[in-house]
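Biologist: I have a model open and would like to understand the words used for it. Could you go through them with me?

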Amino acid sequence: MFIEIDFNSDEAIYMQLRNQIILGIATDRFREGDMLPSVRQLADSIGINMHTVNKAYTVLKQEGYVKVDRRKGAMIALDIDRMRTLEEMRRELQVTLAKASCKNISREEVHALIDEIYGDYGKGMDY
């Protein structure tokens with residue numbers, strides 16, 4: 001598993017780990033049913049505290065990206081509630097788009113950026 005952590009970032013390490021796993025799911029590096037390394041294995045391979053990995057796994061479980069079984073470990077399980085996710089995205093995008101508007105970034109530039117980023121996830125989501 002390739003996880004990239006920036007130890008100089010202001011972002012919490014557990015959130016970086018969470019985000020890396022979500023990006024891995026979106027880019028098909030991780031798929032439904034894939035097992036994630038044990039907390040101890042991942043902590044040792046990255047060089048971070050086990051509690052940090054555990055916290056990331058807990059957040060991923062709460063958000064519906066993984067299932068955690070005490071005997072088997074963490075497994076990718078995408079049972080995210082679509083409506084809840086859309087509402088969360090709406091709230092996050094409102095702030096992001098307000099920032100863009102304040103910086104005079106056009107609708108066309110935003111759409112181009114979204115198309116560029118979304119293209120990286122290639123899961124046939126061109127609805």
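Biologist: Happy to start with handedness: in which sense, left-handed or right-handed, does helix 1 pass helix 3?

Modeller: The crossing of helix 1 over helix 3 is right-handed. Bear in mind that this is a predicted model.

Biologist: Now for helix 2, residues 39-46. Why are helix 2 and helix 3 called oblique to each other?

Modeller: Here the angle is about 120 degrees, with the axes 8 Å apart. The roughly perpendicular range ends at 115 and roughly antiparallel starts over 145, so about 120 degrees falls between them and counts as oblique. The crossing of helix 2 past helix 3 is right-handed. Val39, Arg40, Leu42 and Ala43 of helix 2 meet Met50, Val53, Asn54 and Tyr57 of helix 3. In that contact of helix 2 with helix 3, six residues are nonpolar, one is polar and one is charged.

Biologist: How do you know which element gives the most to the lining of the second largest pocket?

Modeller: By counting lining residues: helix 3 leads with four. Helix 3 (50-62), strand 1 (66-69) and strand 2 (73-76) each supply at least two.

Biologist: What counts as lining there, and how many residues line the second largest pocket?

Modeller: A lining residue has an atom within 4 Å of a pocket point, and 15 residues line this pocket. Nearest its centre are Val39, Asn54, Val68, Asp69 and Arg70. The lining divides into six nonpolar, four polar and five charged residues, and the volume of the second largest pocket is about 340 Å³.

Biologist: And what is the pattern of the whole protein along the sequence?

Modeller: It reads α-α-α-β-β-α-α, with five helices and two strands. The C-alpha atoms fill a box of roughly 50 × 35 × 25 Å along the principal axes.

Methods. Residues are numbered from 1 along each chain as its sequence is written. This is a predicted model: local features need pLDDT of at least 70, side-chain atom pairs count only at pLDDT 80 or more; totals for chains, interfaces and linings use all residues. Side-chain values use heavy atoms; hydrogens and water are left out. On a 1 Å grid over the protein atoms alone, a cavity is a set of points where a 1.4 Å probe fits but cannot get out, and a pocket is an open set with protein on both sides within 12 Å along at least five of seven lines; lining residues have an atom within 4 Å of a point. Grid points are joined across faces, edges and corners, and a volume is the space filled by probe spheres set on the points. Ala, Val, Leu, Ile, Met, Phe, Trp, Tyr, Cys and Pro count as nonpolar, Asp, Glu, Lys and Arg as charged, and the others, Gly among them, as polar. Axes are lines fitted to C-alpha atoms, for helices over the stretch in contact, and angles run from 0 to 180 degrees between N-to-C directions. Angles under 35 degrees count as roughly parallel, over 145 as roughly antiparallel, 65 to 115 as roughly perpendicular and the rest as oblique. A crossing is left-handed if the near helix is turned anticlockwise from the far one by less than a right angle, and right-handed if clockwise. Contact means heavy atoms within 4.5 Å.
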